[in-house]
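Work through the exercises below with the model open. Each task is followed by a stepwise solution.

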Amino acid sequence: MPLPLETCVFQTPRYFHHHHCHHHLIHQCLQPLLLRRHYHVQTGFSKHATYPHPIRNWPEAIARDVSSLPATLGRQINDQPDLDLLYFEPYIPSYMAKDVFEFLRAELPFYRVEYDINRGGIQAHIKTPRYTTVFGVDDTSYFDTDGAVVDKPPAAGSSSSTTKPANAKPPRYAPRPIPQCLDLLRTSTEAATGCTFNFCLVNYYASGADSISFHSDDERFLGPEPAIASFSLGARRDFLMKHKKPATAAAAAERVDAKKPLKLPLGSGDMILMRGRTQSNWLHSIPKRTGKNQDDGGRINITFRRAMVKAGTDNYYNYNVGTGPVYRWDAQSRQMMLWTSKED
Ligand SMILES: O=C(O)CCC(=O)C(=O)O
Ligand SMILES: [Fe+2]
């Protein structure tokens, strides 16, 4: 019989179906009450029909430490036009960052997404140059206590309270709830930034050969001036930022000093909040690394975002999960390996 949520030291979303084996129950009876609560809440796995496999919850010690973050106050970086960053250096202190990195790399399902695009009439097949995964659902829906996706009632007086959009496409992907190990970090990040997040995207750069090219996260489904919190774990990698090209020559003349590119060598545990006019005016990238730094090792990036409409959910699952096979970290060979369920 699960304890009521309000007695939990760390709130665990109710969609987690706790698995109690007999051995655990006997063990729990011998524990003092407080310990028993800890034990109940912080052991086991996050489970959901959409997950390829259960995802382990934080060990108790890490869960407690995560709830005490951030380790430092954010430093504002806004000395360039349209730039508004809050840099936590670090958010997760180094004594924790290593464990957090190893844990997430070992526990999360990853994908290597491929897709076709049409660039000015030219068809191209894109192989995403990194491992990705995503959890969350846009603001129009939530997960109920059974883990089912439920539409929120439309706001009173909104146009959608009387009519459903005629062009509403059926969803292509079943959204996945954010597992406990990432949701504790989401909650901490919301408290540290005052922002709200309903999506968690994860990138794994296996080596210096993995990268993300210059882009901005300015999709319409994020709404105007989106805030995106971006965590780094593992190998240090350069995060490059450059101002978008001015639309006209007049605008260019006005902004002679506006294009100075920025290089932030992000270390393990760092978090950078991008907000305000940043996404609409700046591009960012993690370039490939060659030479002696190429084999520095893997890096995990976690971004928390808030998608406003259903189109955002489909877009994020399409480009970060897709329809291909699952990869998992193999501790023996120390690399991502194709993974298939043993029940298949
Ligand atoms: O890995 C990073 O730090 C950046 C990731 C990123 O820009 C993205 O996922 O949109
Ligand atoms: Fe990005």
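**Exercise 1.** Classify H284 as buried or exposed.

Solution. Start with the cut-offs: buried is under 20% relative accessible area, exposed over 50%, partly exposed in between (1.4 Å probe, protein chains only). H284 has a relative accessible area of 4%. Therefore H284 is buried. D217, at 6%, is buried too.

The model is predicted: local features need pLDDT of at least 70, side-chain atom pairs count only at pLDDT 80 or more, and totals for chains, interfaces and linings use all residues. Residues are numbered from 1 along each chain as its sequence is written, chains are lettered from A and ligands numbered from 1 in written order, and side-chain values use heavy atoms, without hydrogens and water.

**Exercise 2.** Which residues coordinate the iron ion (ligand 2)?

Solution. Look for donors (N, O and S atoms within 2.8 Å of the metal, or 3.2 Å for Na, K and Ca; water is not among the atoms, so sites may look incomplete). H215 (NE2), D217 (OD) and H284 (NE2) coordinate the iron ion at 2.1 Å. Their spacing along the chain is H-x1-D-x66-H. D217 lies in the loop between β11 (212–215) and β12 (228–234), while H284 is in strand β16 (residues 282–286), 67 residues apart. Strands are DSSP runs (E, at least two residues), numbered from the N terminus.

**Exercise 3.** Find the contacts of D218, leaving aside its neighbours within four places in sequence.

Solution. Locate D218 in the loop between β11 and β12. With a relative accessible area of 38%, D218 is partly exposed. Contact means heavy atoms within 4.5 Å. The partners are K244 and Q279.

How values were computed:
Helix = DSSP H or I, 4+ residues; strand = E, 2+ residues; numbered from the N terminus.
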